[in-house]
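Please open the model in your viewer and keep the sequence panel beside it. The tour below tells you what to select at each stop and what you will find there.

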Amino acid sequence: MSITDLPAGVGSALDSAPSLVYAARPAPALDAARLALSRDLVLAFRKRGQLLQPLAFFALVTMLFPLAVSPELSRLRAIAPGVLWVAAMLASLLALEFLFRDDAHDGTLEQYALSGQSLTWLLFAKTIAHWLLTGLPLALMAPFAAMSLGVAASAVPGIVLIMVVGTIALSLIGAIGAALALGMKRSGTLLALLTLPLSLPVLIYGARATELAIAGNSYMAPLELLAALAVLAVTLAPLGAATAVRISLE
Amino acid sequence: MNLRDSRAVTVNHLEAENLQLWRGDRHVLKGVEFGLGKGECLQVTGTNGAGKTTLLRTLCGLMVPEEGRVLCEGRDVRADLPAFHSSLMYLGHEAPLKADLTARENLHYWIGVRRRVAAAGLDAALARVDASAWCERLVRTLSAGQKRRVALAGLALMFAPLWLLDEPTTNLDADGQQVVGSLIAEQLARGGAIVVATHQQLPGAVRAARVLELAS
Amino acid sequence: MRWTWFHRLASPPYLYGLAARLTPWFAWPAALLILGGLFAGLVLAPPDYQQGEGFRIIYVHVPSAWMSLMVYVTMGLAAAVGLIWRMKVAHAIAASCAPIGASFTVAALVTGSLWGKPMWGTWWVWDPRLTSELILLFLYLGFMGLRAGFDDTQRADRAGALLAIVGLVNVPIIHYSVIWWNSLHQAPSVLRFGKPTIPGAMLAPLLILLLGFTLFFAALLLVRVRAEILQRERTARWISETLSG
C-alpha cells in the first residue's frame, strides 16, 4: 500500500534503494495549520454543549450585578465597563480548560510535537480556533450584555471592536497558562492564579476603552495600547505555549 | 512531484550512546546503548516500569537524557529535531484519536498535519488494516482493537523510515496481530528501521535483529 | 578556558561549598548595615516636617519594595539560565528566590499599609506602587503554586522557569499599565511615595539600608540554595562524603 500514493518511478527506485527514503511530500506549514484549526472547529461543533458554557457563564455573571448592586440603569451604566471585562476575563478563563486538556490526554499534542512541523505554529492555529469558538462569540455577545446594563446602542460598534482585540490577547496569554497547567493533576484555581495577573493590562486598557466608548468619547488611545498588547501576545505567546507543552511532555 | 521538493530523509543508522535519565530519585535509563541499521528491528523488553516507554520517548526527543546522545547518521538528533521528527513515527500505547471524529477523519487530520495525503492513499491505508467497512464510524463507537487498527493505518500511511512502537499488539485479536506482523515485515523489507517495545513475542514471522533487555 | 568558572558553578558540590564559604561575607556586613541604618534612620534622622515621625517607616518599606522587585529579576534570570542551558543549580537558585521574594513583597505591603493609616487615614489605598506590589505577590504565589503542583522536580523546575520568564517580560508592562490606570483616577490629595526630594540626613540611612537589605538577600539566598541542593542531591554520593567528612 505504501507505494500506492507515490508517483510512478519512485516505487521501482525504492526497490533497489539501499535505504528507505522518506518520499512523502511534507505538508506545507500553512496547510498543517489549516488542518489543525479546522480539526478543532469540527470537533467543537460536534460537542456544541461545551461551546455554550463560556457564553452562558458570561451572561450569568453579567446578570449577577443588577441583582447584587441595583436595578437602576444609571448606576449599572457606571459600572458596565468593569462588569463586562471582569465577566469576559472569567469566561475566557473558564474556556481555557478546553484548549489543550483533551489533546494532551489522547496524545494529539505529542503527535504535534513530533510532527516535524513547528509546534509554535500548530499551537498558534489551535489558539486561533479557540478564539473563534470562545473569544469572538463573547465579543459578539457583549453588546447585549452592555445594553442590559443601560448602555446606549450607539456604543455597540466600539464595544465589539474593543472586545475583539481584547479577547485575542486574553486567549493567547491564557494559552501559556493552560499549557503550563497541563503537567498537573488538578489545576482549577491555579490556572486562575497563573493567568489573571498576566492579563491585568488587558483588563485595564479594555475597561478604559469601553468606558470611553460608552461615554461617547474617542477610545483610540487605550484601544491602540490594547492592540499593542495583542500584537505582542501574537508574537510571543505561542512560543511560550509551545515551550510549556514540550515541558509537559517530558 | 519530484523528490527534490520533498525533504528526503533517510535513517541508515540510529545509535544510542550511553543514555542516562533520572525521574526524581529514580534512575530510569542506566547507560542504554545500541546501534540499529537499515532494515533492522530492535526489540526492547523488560518488566513494567523498566523504562521501555521512557526509552522510546527519549529516542524520539520528547525527553532529554541527562547524559548521552541519540545519533542518526552519526549526527546528534537534537541538532535538528524537526528533520529527525519528520523521518520518524512514534506510536504510544494510546492511539491519538478523537472520539468525536470518524476513523477516516482522524487519519486525515492526524497524518495530514505531517504530509500531503491523497484520498486514495487514505483508503488504501484503511484497507490495509481491514478497516474499510467501519472507517466512516465515529471513533467513540469503535472497540479498543479497532482503534488500534486505525493507529496502525496511520503508521502505514505516514511511510516514515523509522518507527518507534510502544506495545503495538495491545488489544488486538489474532488477525490484528497478523496485520502488525506484516506491516513490520514490509517496513523492514523496504529498508526501514523499527524500535519496538514489547514484552510479548513479535507477531508473525518477524524476528528482531537484536533484543535489548532493560533491567528495572 | 574562559568558561571554566561557568561550568564549575554548574556543579552542585562546588556551589554547595562555595555558598558555605561566602555566606558569612554577606551575612555580617548585612547585619551591621541594617542595624546601623535602622539606628540612623529611626533615631538620628530628623522627623519630616509634614509627616512627622510616621515617615520613618520608609526605612523598611522602600528597601522591602526594592528587594521584592530585585528578587523577581534574579529569579527570572536564574530561571532563564536553567531553562536554556539545562543547568540544575540555576533552577535551585530560582526556586530558592521565590519564598524570599514573596516575604519581601508581604513586608512591603504591610509597611505600606501601616504608613497609609496615619498618612491617608485608611489602611489601604489603590496607589500604583501598592497595587503593583500586590500583583507581584500574586506572581510569586503563582510561581510557587505551579512548582508545588508537579510531582517531579525536573518538570517543576522547567515549568516554573518558563512562568518566571513570562512574568519577567510582563512585570514592566503590568507596572506601566497600573501607573497609566492610576493617572486616570488619581485624586489630587493623595500623597505619592518617594517622588519628593529627600534631604541628605534622611536619604543616607535609606541608602545604607538598601545595601544592607541586598546583602541580607544574598546571604539568605546562599543558605537556601545550600538547603535546596542538599534536598535535590540527597541520593548523590558526594553528599554523604561531604557530610561525614
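**First stop: a covered helix**

Select helix H1 (residues 52-59) of chain B, which is mostly covered, since seven of its eight residues are buried. Here, buried means under 20% relative accessible area, exposed means over 50%, and partly exposed lies in between, with a 1.4 Å probe and protein chains only. Helices (H or I, at least four residues) and strands (E, at least two) are DSSP runs, numbered from the N terminus. This is a predicted model, in which local features need pLDDT of at least 70 and side-chain atom pairs count only at pLDDT 80 or more, while totals for chains, interfaces and linings use all residues. Residues are numbered from 1 along each chain as its sequence is written, chains are lettered from A and ligands numbered from 1 in the order in which they are written, and side-chain values use heavy atoms, with hydrogens and water left out.

Now colour the buried residues of H1(B), which are Lys52(B), Thr54(B), Leu55(B), Leu56(B), Arg57(B), Thr58(B) and Leu59(B). After H1(B), move on to Gly61(B), where phi is positive, near 95°.

**Second stop: a five-stranded sheet**

Next, show the strands E6, E7, E8, E3 and E9 of chain B, which in that order make an open sheet with parallel pairing. Two strands pair if DSSP finds at least two bridges between them. Which strands stand at the edges? They are strand E6 (88-91) and E9 of chain B, each with a single partner strand, so one side of each is left without a neighbour in the sheet. Neighbouring strands of this sheet are turned by 15° against each other on average, direction ignored; axes are lines fitted to C-alpha atoms, for helices over the stretch in contact, and angles run from 0 to 180 degrees between N-to-C directions.

Select E7(B) by itself: five of its five residues are buried, so this strand is largely enclosed by the rest of the structure. In a regular strand the side chains alternate between the two faces of the sheet.

E6(B) runs parallel to E7(B) and is joined to it by four bridges, with Leu88(B) opposite Leu162(B). Strand E8 (residues 193-197) of chain B also pairs with E7(B) in the parallel sense, over five bridges; Leu164(B) stands opposite Val195(B), and the bridge partner of Trp163(B) is Ile194(B). Finally, bring in H5(B), which lies across E6 and E7 of chain B and runs at about 175° to E6(B).

Select Arg210(B) and Glu40(B), which form a salt bridge with their closest N and O atoms 3.1 Å apart. Arg210(B) lies in strand E9 (residues 210-213) of chain B and Glu40(B) in the loop between strand E2 (26-37) and strand E3 (41-45), so the pair ties together parts that are 170 residues apart in sequence. Arg210(B) is partly exposed at 33% relative accessibility, and Glu40(B) is partly exposed at 22%.

Go on to Asp123(B) and Arg104(B), whose side chains meet in a salt bridge of 2.7 Å, N to O. Asp123(B) belongs to helix H4 (residues 119-128) of chain B and Arg104(B) to helix H3 (residues 103-112), so this pair ties together parts that are 19 residues apart in sequence. Is each of the two partners buried or partly exposed? Asp123(B) is partly exposed, with a relative accessible area of 37%, whereas Arg104(B) counts as buried at 19%.

To finish, select Arg39(A), Asp40(A), Asp103(A), Asp106(A), Lys126(A) and Lys98(B), which are linked in a network of salt bridges.

Conventions:
A salt bridge is a side-chain nitrogen of Lys or Arg within 4 Å of a carboxyl oxygen of Asp or Glu. Contact means heavy atoms within 4.5 Å.
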